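Please take a moment to look over the model below before reading on. The paragraphs that follow lead through it step by step.

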Amino acid sequence: MEKLKKFFQELFIPHEKNNYKGKALQLDFLTLYLIFAFFISIFFKKYNINILGFATDITINKLFELTNKERQKYHLPSLNYNEKLAQAAYLKAQDMFNKNYWAHFAPDGTTPWEFILKSGYNYEYAGENLAKNFLFSDDVIAAWMRSPTHKKNILKEEYTDVGFAVVNGILNGEETTLVVQMFGKPSSSSIVANTNNNQENLLNQKILNEEKRPIVLAETAKKNNNYSNIIFNTNFVFFVFLLIALMIDIYFIAKLEIVRISGKTLAHFIFILFIIISFIIISKGSII
Amino acid sequence: MEKLKKYLKNEFKKKGFDYLILLTGGIFFLVAINYFKGERFLEFIIILAFSCFYIFWGFYHHAINDSIYIKNVVEYILIAFIVLFLIKLILIP
């Protein structure tokens with residue numbers, strides 16, 4: 001116990017033996033952090049483990065669950081997961097990657113509704129929400145709920161079905177994760193047609209309820225999800241560790257009235273704090 | 001705690017202008033990050049710019065206070081580059 005106490009004192013508390021600066025903030029330790037950061041970036045590049053582009057922690061299950069949760073808050077009926085709308089969402093995402101655009105309407109004039117019809121879903125009402133480069137499912141839904149137009153889509157009474165696609169690709173030269181949410185209400189004629197296949201639909205519905213995820217993507221995302229979480233959390237923990245070390249240093253500089261030749265701990269603290277805030281903003285992607 | 005308050009008060013009073021520059025830079029940085037949210041490359045460029053700004057700020061701050069030493073400058077460079085490397089890992093794989 002005594003040894004542990006001594007170790008922490010040496011690491012964080014400025015005193016005579018560590019030249020009035022905690023080891024955690026000394027130049028040799030800072031160099032070690034830099035070498036460590038350099039090596040993990042090499043490691044992840046070598047094994048082609050991409051953090052944002054191909055491994056965000058966004059899952060169809062969670063998006064579906066959160067969308068219905070938001071509807072329940074407003075006493076609206078839950079939406080059913082629809083494979084055709086999921087297919088339409090996937091086609092839309094692929095189209096954005098292929099034609100390199102980030103909008104509801106393609107540069108060649110293709111509308112979102114064309115993808116819905118192409119997937120075989122005849123709609124009476126339809127809607128689309130888009131998001132890109134988010135890290136977590138919760139943030140996607142929260143961002144949509146903060147935007148009046150997206151919120152309107154999520155809470156539209158007329159919709160009965162929803163489909164999602166979370167697709168990775170290159171957009172404007174950047175590895176991007178796109179989230180497409182398609183809403184719909186089948187037209188009465190397709191309802192008639194659907195009733196003929198009621199048995200089959202029920203079976204499909206059951207399968208989808210068990211595993212609501214897009215047709216493609218899932219494998220890549222699943223494989224890299226853990227790595228993405230590890231890296232994101234490691235970085236976050238490291239910044240918090242640095243912040244705590246700086247806070248302790250500031251406290252003891254003030255308490256012991258230490259005057260030393262060194263960088264300004266208070267300035268480092270402010271800098272890291274800004275970086276942590278930006279970290280939180282970055283994890284929140286963009287929506288249209 | 002009293003001593004900490006006194007230290008912070010003293011620090012902001014004596015070098016208020018320097019900290020004002022740093023905080024202004026930080027606020028501009030956050031506004032820019034928020035504006036270009038979702039554009040990974042631009043986000044990285046903004047963080048790179050803020051890191052460079054921080055190194056220059058350290059240089060300026062110590063130069064003005066007659067406390068500029070290689071050791072101090074290296075410390076600012078190390079802090080800025082650690083941040084840059086870790087953020088790059090997340091933004092640009």
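**A strand and its partners**

In this predicted model, N80(A) stands opposite D161(A), a residue of strand β3 of chain A. That pair belongs to the place where strand β1, residues 80-81 of chain A, and β3(A) run in the parallel sense, paired over 2 bridges. Strand β3(A) itself spans residues 161-171 and is mostly covered, with 9 of its 11 residues buried.

Strand β3(A) also pairs with β4(A), residues 174-186, and here the two strands run antiparallel and are joined by 11 bridges. L171(A) stands opposite E174(A) in β4(A), and the two strands form a hairpin with 2 residues between them. One residue of that turn, N172(A), has a positive phi of about 50 degrees. In a regular strand, side chains alternate between the two faces of the sheet.

We can now turn to the place where the two chains meet. The contact draws 45 residues from chain A and 39 residues from chain B. On the chain B side, the helices α1, α2, α3 and α4 each supply at least two residues, and the largest share, 16 residues, comes from α4(B). Sorted by class, this side of chain B has 24 nonpolar, 7 polar and 8 charged residues.

Within this contact, one pair of helices can be followed across the chains. Helix α11 of chain A, residues 265-282, packs with helix α3 of chain B, residues 40-64, at an angle of about 170 degrees, and their axes are 11 Å apart. Because angles over 145 degrees count as roughly antiparallel, α11(A) is described as roughly antiparallel to α3(B). From α11(A), the residues A267(A), F271(A), S278(A) and I282(A) meet E43(B), I47(B), Y54(B), G58(B) and H61(B) in α3(B). By class, this helix contact has 5 nonpolar, 3 polar and 1 charged residues.

The mean pLDDT of chain A is 80, and 81% of its residues reach 70 or more. Confidence within the chain is highest in β1(A), at 93, and lowest in helix α9(A), residues 198-210, at a mean of 39. Over residues 191-224 of chain A, pLDDT stays under 50, although the model has 38 contacts beyond four places in sequence for them. Residues 50-55 of chain A also stay under 50, and for these the model has 30 such contacts. Where pLDDT is low, the predicted coordinates should not be read in detail.

How values were computed
Residues are numbered from 1 along each chain as its sequence is written. Chains are lettered from A and ligands numbered from 1 in the order in which they are written. Axes are lines fitted to C-alpha atoms, for helices over the stretch in contact, and angles run from 0 to 180 degrees between N-to-C directions. Helices (H or I, at least four residues) and strands (E, at least two) are DSSP runs, numbered from the N terminus. Angles under 35 degrees count as roughly parallel, over 145 as roughly antiparallel, 65 to 115 as roughly perpendicular and the rest as oblique. Two residues are in contact if their C-beta atoms, placed from the backbone, lie within 7 Å. Ala, Val, Leu, Ile, Met, Phe, Trp, Tyr, Cys and Pro count as nonpolar, Asp, Glu, Lys and Arg as charged, and the others, Gly among them, as polar. A residue is buried if 20 or more other C-beta atoms lie within 10 Å of its own, exposed if 12 or fewer, and partly exposed in between; C-beta atoms are placed from the backbone. Two strands pair if DSSP finds at least two bridges between them. pLDDT is the predictor's confidence in each residue, from 0 to 100.
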